[in-house]
Amino acid sequence: MYNHIGLKVKDLDASVRFYTAALAPLGLVLAFADESTAGFGPEGAPALWLAGDAQLAHSLVHVAFDANTRSAVDAFHREGLKARGRDNGAPGIRADYAANYYAAFLLDPDGNNIEAVCRK
């Protein structure tokens with residue numbers, strides 16, 4: 001449904017560190033970077049774009065990434081916390097969404113709600 005998503009971030013370097021760590025367990029990499037922009041996704045096909053904007057007051061969106069396994073969701077959460085993300089929901093079943101909805105939530109350096117979900 002979506003071709004790509006773009007987020008403005010206050011500190012591009014901090015955001016690149018966070019997304020590099022949190023998305024690696026999901027098989028996503030930093031696929032493009034220059035002094036003001038970074039793109040994450042499969043190698044050669046960035047679909048999450050970050051644009052640095054030092055004047056940004058805040059950016060509050062929710063982005064959910066598919067994970068192939070529950071252990072990838074766990075690693076997303078663990079690695080994102082190590083990269084200074086903030087916990088916004090530990091890995092676990094979210095029965096109010098669906099019986100097999102296993103997810104974890106992190107707040108990125110700008111306060112965006114970033115989720116990894118496995119429906120297996």
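**Reading the helices, sheet and core**

Author: Start with helix α2. The elements that cover its buried residues include α1, β6 (86–93), β7 and β8. Helices (H or I, at least four residues) and strands (E, at least two) are DSSP runs, numbered from the N terminus. Buried means under 20% relative accessible area, exposed over 50%, and partly exposed in between (1.4 Å probe, protein chains only).

Reader: What should I know about the model?

Author: It is predicted: local features need pLDDT of at least 70, side-chain atom pairs count only at pLDDT 80 or more, and totals for chains, interfaces and linings use all residues. Residues are numbered from 1 along each chain as its sequence is written, and side-chain values use heavy atoms, with hydrogens and water left out.

Reader: Which residues of α2 are buried?

Author: A72, V73, A75, F76, H77 and G80. An α-helix has 3.6 residues a turn, so residues three or four places apart point the same way.

Reader: What happens just after α2?

Author: R84 takes a positive phi of about 75° there. R84 is not a glycine. Its place is the loop between α2 and β6. R84 has a relative accessible area of 74%, so it is exposed.

Reader: What is the strand order in the open sheet?

Author: Strands of a sheet pair through backbone hydrogen bonds, either parallel or antiparallel. Two strands count as paired if DSSP finds at least two bridges between them. Here four strands follow the order β5-β8-β7-β6, with mixed pairing. β5 and β6 are the edge strands, each pairing on one side only. On average, neighbouring strands are turned by 15° against each other, direction ignored.

Reader: How many bridges join each pair of strands?

Author: β5 and β8 share five, in the parallel sense. H62 has N113 of β8 as its bridge partner. β7 and β8 run antiparallel with six bridges. There, A103 partners V117 of β8, and Y102 partners C118 of β8. β6 and β7 also run antiparallel, over five bridges. G92 partners A103 of β7.

Reader: Where do the helices pack on this sheet?

Author: Contact means heavy atoms within 4.5 Å. Axes are lines fitted to C-alpha atoms, for helices over the stretch in contact, and angles run from 0 to 180 degrees between N-to-C directions. α1 touches β5, β7 and β8, and its direction makes about 165° with that of β7. α2 touches β6, β7 and β8, at about 15° to the direction of β7.

Reader: How do I read the faces of a strand?

Author: In a regular strand the side chains alternate between the two faces of the sheet. β5 has a covered face of V63 and F65. Its uncovered face holds H62, A64 and D66. In β7, Y102, A104 and L106 point one way, A103, F105 and L107 the other, and all are buried. The hairpin of β7 and β8 has five residues between the strands, and G111 takes a positive phi near 90° in this hairpin.

Reader: Which residues have the most contacts inside the largest nonpolar core?

Author: A nonpolar core is a set of buried Ala, Val, Leu, Ile, Met, Phe, Trp, Tyr and Cys residues joined through side-chain atoms within 4.5 Å. The largest has 26 residues, and Y19, L26 and L50 have the most contacts inside it. α1 gives the largest share, six residues. Neighbours within four places in sequence aside, L26 touches F65, D66, A67, A72, F76 and A116.

Reader: How many aromatic pairs are there?

Author: Four. Rings of Phe, Tyr and Trp (its six-membered ring) pair if their centres lie within 6.5 Å; planes under 30 degrees apart count as stacked, over 60 as edge-to-face and the rest as tilted. Y19 and F40 form a tilted pair, 6.0 Å centre to centre with 45° between the planes. Y19 lies in helix α1 and F40 in strand β3, so the pair ties together parts 21 residues apart in sequence. Both Y19 and F40 are buried. F32 and W49 form a tilted pair too, at 5.6 Å and 55°. F32 counts as partly exposed at 36% relative accessibility, and W49 as partly exposed at 26%.
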